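Let's take a walk through a protein together. Keep the picture in view and look for each residue as its name comes up.

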Amino acid sequence: MIDKKAAYAIFREEARKMVKKGTPHARVEGMENAEYFFTPIAAVEAFDGDERFLNPEGTPLTLIRKSTGEVVHLHFQAGEWGKIRKTMTPVNYAAA
């Protein structure tokens with residue numbers, strides 16, 4: 001079983017792999033349920049002092065299985081995400 005800090009380290013590594021343009025970023029605020037950890041992964045860029053969180057096209061949802069640390073990628077078309085999301089609660093990985 002992995003903890004929140006280990007999950008966040010995996011999310012940051014996944015961001016470095018997935019974000020090819022811009023600054024790779026994994027949000028500190030995410031969600032969890034009994035089986036998965038989740039946080040949005042995208043690029044963070046500043047436009048005239050306004051920081052924006054940009055999801056590159058085709059970026060999958062990245063979940064981490066709590067029991068094994070396995071990275072699971074889901075695409076938005078997957079109906080499974082709606083079912084998983086209903087079971088999730090907010091989590092702050094930095095406060096863990």
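Start with Lys4, which is partly exposed, with a relative accessibility of 27%. Keep in mind as you look around that this is a predicted model. Lys4 has a partner: its side chain meets that of Glu32 in a salt bridge, with N and O 3.4 Å apart. Side chains of opposite charge can pair when their charged atoms come close. Now check where the two partners sit. Lys4 belongs to helix H1 (residues 4–18) and Glu32 to strand S2 (residues 29–32), so this pair ties together parts that are 28 residues apart in sequence.

Is Glu32 buried or exposed? Its relative accessible area is 14%, and because buried means under 20%, Glu32 counts as buried. Glu32 also forms a salt bridge with Lys66, and here the closest N and O atoms are 2.7 Å apart. Lys66 sits in the loop between strand S6 (61–65) and strand S7 (71–74), while Glu32 is in strand S2, so this bridge connects parts 34 residues apart in sequence. Both of these residues, Lys66 and Glu32, are buried.

Next, look at Arg65 and Glu35. They form a salt bridge too, with 2.5 Å between the closest N and O atoms. Arg65 is in strand S6 and Glu35 is in the loop between S2 and strand S3 (36–38), so the pair ties together parts that lie 30 residues apart in sequence. What about their surroundings? Arg65 counts as buried at 18% relative accessibility, whereas Glu35 is partly exposed at 37%. In total, the structure holds six salt bridges.

Lys66 lies over the face of Phe37, 4.8 Å from the ring centre. That brings us to the aromatic rings. How many aromatic pairs does the structure hold? There are four. In one of them, Phe11 and Tyr93 have ring centres 5.8 Å apart and planes at 65°, so the pair is edge-to-face. Phe11 is part of helix H1, and Tyr93 is in the segment after strand S8 (89–92), so this pair ties together parts that are 82 residues apart in sequence. Both Phe11 and Tyr93 are buried.

Tyr93 also pairs with Phe37, and that pair is edge-to-face as well: 6.0 Å from centre to centre, with 70° between the planes. Phe37 is buried, with a relative accessible area of 3%, and Tyr93 counts as buried at 2%. Ring pairs join Tyr8, Phe11, Phe37 and Tyr93 into a cluster.

Now turn to helix H1 itself. H1 has 15 residues and reaches 21 Å from its first C-alpha to its last, close to the 21 Å expected at 1.5 Å a residue. Which residues of H1 are buried? They are Ala7, Tyr8, Phe11, Glu14, Ala15 and Met18. Look down the axis of H1 and these buried residues fall within an arc of 115°, so they line one face of the helix. The face turned away from that buried side carries the exposed residues Lys5 and Arg16.

One more stop is His75, in the loop between S7 and helix H2 (80–86). His75 is partly exposed, with a relative accessible area of 43%. His75 and Thr59 are 16 residues apart in sequence, and their C-alpha atoms are 7.6 Å apart in space. Leave aside the neighbours within four places in sequence, and His75 is in contact with Gly58 and Pro60.

Finally, step back and look at the whole protein. Its secondary structure comes to two helices and eight strands, and along the sequence they follow the pattern α-β-β-β-β-β-β-β-α-β. Of the 96 residues, 39% are buried. And among contacts between residues at least 6 apart in sequence, 53% join residues at least 24 apart.

How values were computed: Residues are numbered from 1 along each chain as its sequence is written. This is a predicted model: local features need pLDDT of at least 70, side-chain atom pairs count only at pLDDT 80 or more; totals for chains, interfaces and linings use all residues. Side-chain values use heavy atoms; hydrogens and water are left out. A salt bridge is a side-chain nitrogen of Lys or Arg within 4 Å of a carboxyl oxygen of Asp or Glu. Helices (H or I, at least four residues) and strands (E, at least two) are DSSP runs, numbered from the N terminus. Buried means under 20% relative accessible area, exposed over 50%, partly exposed in between (1.4 Å probe, protein chains only). Rings of Phe, Tyr and Trp (its six-membered ring) pair if their centres lie within 6.5 Å; planes under 30 degrees apart count as stacked, over 60 as edge-to-face and the rest as tilted. A charge sits over a ring if NZ of Lys or CZ of Arg is within 6 Å of the ring centre and within 35 degrees of the ring normal. The expected span of a helix is 1.5 Å times one less than its number of residues. The arc is that of the directions from the helix axis to the C-beta atoms. Contact means heavy atoms within 4.5 Å.
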